[in-house]
Amino acid sequence: MTTASRRSKKRRKNRKREVNIRAKCRTDKESQPIISPKVKKYWRQRYSLFSRYDEGIKMDEEGWFSVTPEEIAVRHAQRSVAGGVVVDCFAGMGGNSIQFASLGYHVVAIDIDPGKVKMALDNAKIYGVDNNIDFIVGDFLQLAPFLKGNVAFLSPPWGGPSYKMTENFTLDLLKPVDGYTLFQVAQTITPNIIMFLPRNVDISQVEELSWLSSPPLNVEIEENYVNGFLKGITAYFGNAAYWGVNQETSLHHIHEVLG
Ligand SMILES: C[S@@+](CC[C@H](N)C(=O)[O-])C[C@H]1O[C@@H](n2cnc3c(N)ncnc32)[C@H](O)[C@@H]1O
């Protein structure tokens with residue numbers, strides 16, 4: 001082979017490599033979803049929101065900052081021992097519904113936004129639990145009187161990421177109605193209520209919710225951390241609270257002992 005043909009072969013090889021690199025850059029860019037600056041921070045945490053994110057999980061902008069991190073949703077489901085039927089009153093992207101369904105509960109998942117319900121259904125399919133969930137598009141406040149369930153799970157809107165600016169998040173800041181009204185509406189379904197609330201929520205107000213029932217409901221409050229960061233507060237009421245569960249369990253045990 002002459003020097004000239006060797007040079008031309010090398011040039012052809014280099015050109016091919018350049019084309020390959022350009023094609024790879026294009027594919028990398030294409031496979032990245034379009035992320036608005038508002039969502040960027042949450043997108044970096046995508047696997048803590050949905051561990052199966054890469055399998056085609058769908059999210060809208062509100063969904064990015066309002067979905068329950070998966071680890072916490074698993075915890076909620078594990079604590080939902082009073083459940084047979086769980087009503088997920090504000091289902092959003094399905095973060096909680098999916099975990100309740102994964103533990104074998106039947107879930108009634110409600111959201112007022114049809115687009116979110118469609119995404120939640122698609123997300124549930126990825127986790128293979130869509131058959132355990134009945135999705136309903138509607139206003140929870142209107143639907144509640146017609147629903148029955150063993151646990152009502154409330155993850156209402158906190159008013160967007162600006163909730164963090166408030167030092168003491170009072171229950172009147174919850175959407176679409178204040179926390180007291182919300183709790184009373186949920187009680188028409190069941191006294192076993194689980195509420196996922198901002199980390200800066202006024203804890204004494206949350207405890208007061210148990211007094212909306214007579215006799216007052218058991219209540220237990222827990223902090224929820226992901227990777228060492230406090231992400232929210234969960235309040236368990238009725239038999240969803242440990243105290244209620246223990247009491248039920250021990251009563252059951254007494255019946256067994258007495259035959
Ligand atoms: C905090 S997000 C729920 C996030 C959900 N737990 C998840 O993990 O994806 C609150 C949801 O409540 C829905 N919502 C707001 N008002 C509602 C209403 N009156 N009835 C039912 N859903 C409502 C919103 O569309 C939003 O998706």
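In which sense do strand S1 and strand S4 pair? Select residues 85-88 (S1) and residues 151-154 (S4): the two pair in the parallel sense over three bridges. Strands here are DSSP runs of type E with at least two residues, helices are H or I runs of at least four, and both are numbered from the N terminus; two strands pair if DSSP finds at least two bridges between them. Within this pair, Val87 has Ala152 of S4 as its bridge partner.

The model is predicted: local features need pLDDT of at least 70 and side-chain atom pairs count only at pLDDT 80 or more, while totals for chains, interfaces and linings use all residues. Numbering starts from 1 along each chain as its sequence is written.

Next, display the whole sheet. It is open, with seven strands in the order S3-S2-S1-S4-S5-S7-S6 and mixed pairing. Strand S3 (133-137) and strand S6 (219-226) each have a single partner strand, so one side of each is left without a neighbour in the sheet.

Now select Ile193. Leaving aside neighbours within four places in sequence, Ile193 is in contact (C-beta atoms, placed from the backbone, within 7 Å) with Ala152, Leu154, Phe183, Ala186, Phe237, Gly238 and Ala240.

Finally, turn to the ligand. It is surrounded by 22 residues, and the closest are Ser66, Phe90, Gly92, Gly95 and Ser155; a residue is near a molecule if its C-beta atom, placed from the backbone, lies within 6 Å of it. Helix H6 (95-102), strand S2 (106-111) and helix H8 (140-143) each supply at least two residues of this shell.

Key. Two residues are in contact if their C-beta atoms, placed from the backbone, lie within 7 Å.
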